[in-house]
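I opened the notebook to look up charged pairs. My notes follow the order in which I checked them.

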Amino acid sequence: MKTRIILGLVTILYCYTMTSQEISDTSFGKGLINYTAKDSTFSVKFAPRIQARFNSNWDYNGEDYDDAELNFLIRRARLKFSGFAYSPKLKYKIELGLSNRDVSGANDFNRNTPRYILDAVIMWNFYENFELWAGQTKLPGNVERVVSSANLQLIDRSLLNSSFNIDRDVGVQLRHFTHLGGDFIMKEKLAISQGEGRNVTEGNEGGLQYTGRLEFLPFGNFKSKGDYSQGDLKREDTPKLMVGLTYDYNQDAVKTRSNLGSYMELEDGSLYETNITTFFADVMFKYKGFAFMGEYANRDADAPVAINADGTETGDIVRVGDAFNTQISYLFQSNYELTTRYTSLKFDNITGREAQNQYTLGASRYIVGHKLKIQADVSYSTLGGEADNIMLRTGFDLHF
């Protein structure tokens with residue numbers, strides 16, 4: 001029912017814009033609809049997106065690799081809306097997910113409903129370089145997570161991101177940038193959020209989540225916000241560098257991965273609470289087709305093992321530990337790109353998880369930048385220092 005409603009709204013919007021307003025000149029990659037009202041009181045850009053994928057996995061059984069496990073998948077199917085309302089200083093973004101991976105995660109705290117909403121946020125430039133955000137969107141966490149999945153140079157993000165990122169949440173953010181002299185820019189980002197992730201509707205079960213991030217760009221801004229897009233598709237004429245530091249504190253967190261993971265339930269029906277801190281340090285560098293991204297992540301908790309009132313363990317454990325991820329690529333003049341990635345995860349002994357390492361080699365063909373591309377990568381993983389898995393993935397991205 002909800003899917004039909006969403007599709008109906010999109011159809012109405014399309015018909016309305018075709019008949020009541022002039023559509024501005026646009027081209028592929030600039031939005032399926034991209035127009036401004038005649039009186040300049042609002043604008044809207046509508047950009048649907050599809051990401052399809054083929055996965056093949058071979059698990060190591062101690063003697064040999066098992067037969068391949070094959071999977072065809074629509075990883076992402078999304079509807080994106082953005083623009084301004086009333087004034088160009090008041091922007092908005094709405095992103096809806098329709099694929100199974102986007103809407104899964106129904107539980108008692110979101111009324112057991114699909115989680116269609118990814119982003120629903122307004123951004124108000126209320127004074128000079130200050131911008132206030134309100135709604136649901138990504139927290140200012142590690143750079144790999146904040147980079148849109150549409151702008152990745154490998155099929156998907158790293159193991160570091162899947163274990164330690166802080167993802168989306170509902171709340172407010174204050175953003176500001178400062179010129180420190182010459183081309184040197186510093187960006188400051190602060191967020192206060194609910195602390196339980198996206199689409200939670202049944203109140204705040206734990207405390208609030210507090211996130212702060214500083215970014216330093218000593219050589220000025222990247223072209224086309226390239227600090228948050230992987231690969232040097234703009235072929236920077238001069239070196240560009242971004243160094244970022246993020247600290248996140250989730251007070252009385254009730255999930256195993258801060259605002260992600262599973263709820264830590266106790267025998268009496270209540271939720272286990274503990275303070276969780278997450279730290280990120282990352283860097284992005286680009287110059288003439290060469291790109292480098294590096295990340296470090298660390299997570300800790302006051303009391304990571306969930307314990308019932310009688311002292312027995314529930315089995316839930318906060319995923320504490322640290323991880324390192326590095327990614328290097330070069331874009332040839334033909335718009336073919338080669339990328340290598342190395343990821344290392346080390347969990348605290350208390351989690352019972354073994355160390356993981358993953359080595360990835362990928363190739364991309366950019367037809368219209370990140371908006372239309374074909375990609376493939378192969379990964380070799382170890383668990384506890386022993387062979388564990390080989391994974392081959394191919395896919396394409398189509399983004400109006």
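**Salt bridges looked up**

I found that the side chains of R75 and D156 meet in a salt bridge, with 3.8 Å from N to O. I counted a salt bridge when a side-chain nitrogen of Lys or Arg lies within 4 Å of a carboxyl oxygen of Asp or Glu. This pair links distant parts of the chain: R75 sits in strand β3 (residues 69–85), D156 in the loop between α3 (143–146) and α4 (159–164), 81 residues apart. Helices (H or I, at least four residues) and strands (E, at least two) are DSSP runs, numbered from the N terminus.

I noted that this is a predicted model, in which local features need pLDDT of at least 70 and side-chain atom pairs count only at pLDDT 80 or more, while totals for chains, interfaces and linings use all residues. Residues are numbered from 1 along each chain as its sequence is written, and side-chain values use heavy atoms, without hydrogens and water.

Buried or exposed? I checked R75, which is buried at 9% relative accessible area, and D156, which is buried at 13%. Buried means under 20% relative accessible area, exposed over 50%, and partly exposed in between (1.4 Å probe, protein chains only).

I then looked up R213 and E215, whose closest N and O atoms are 2.7 Å apart in a salt bridge. Both residues are buried.

Next I took K223 and D237, a salt bridge with closest N and O atoms 3.1 Å apart. K223 is partly exposed at 32%, and D237 is exposed at 54%.

How many salt bridges does the structure hold? I read 19.
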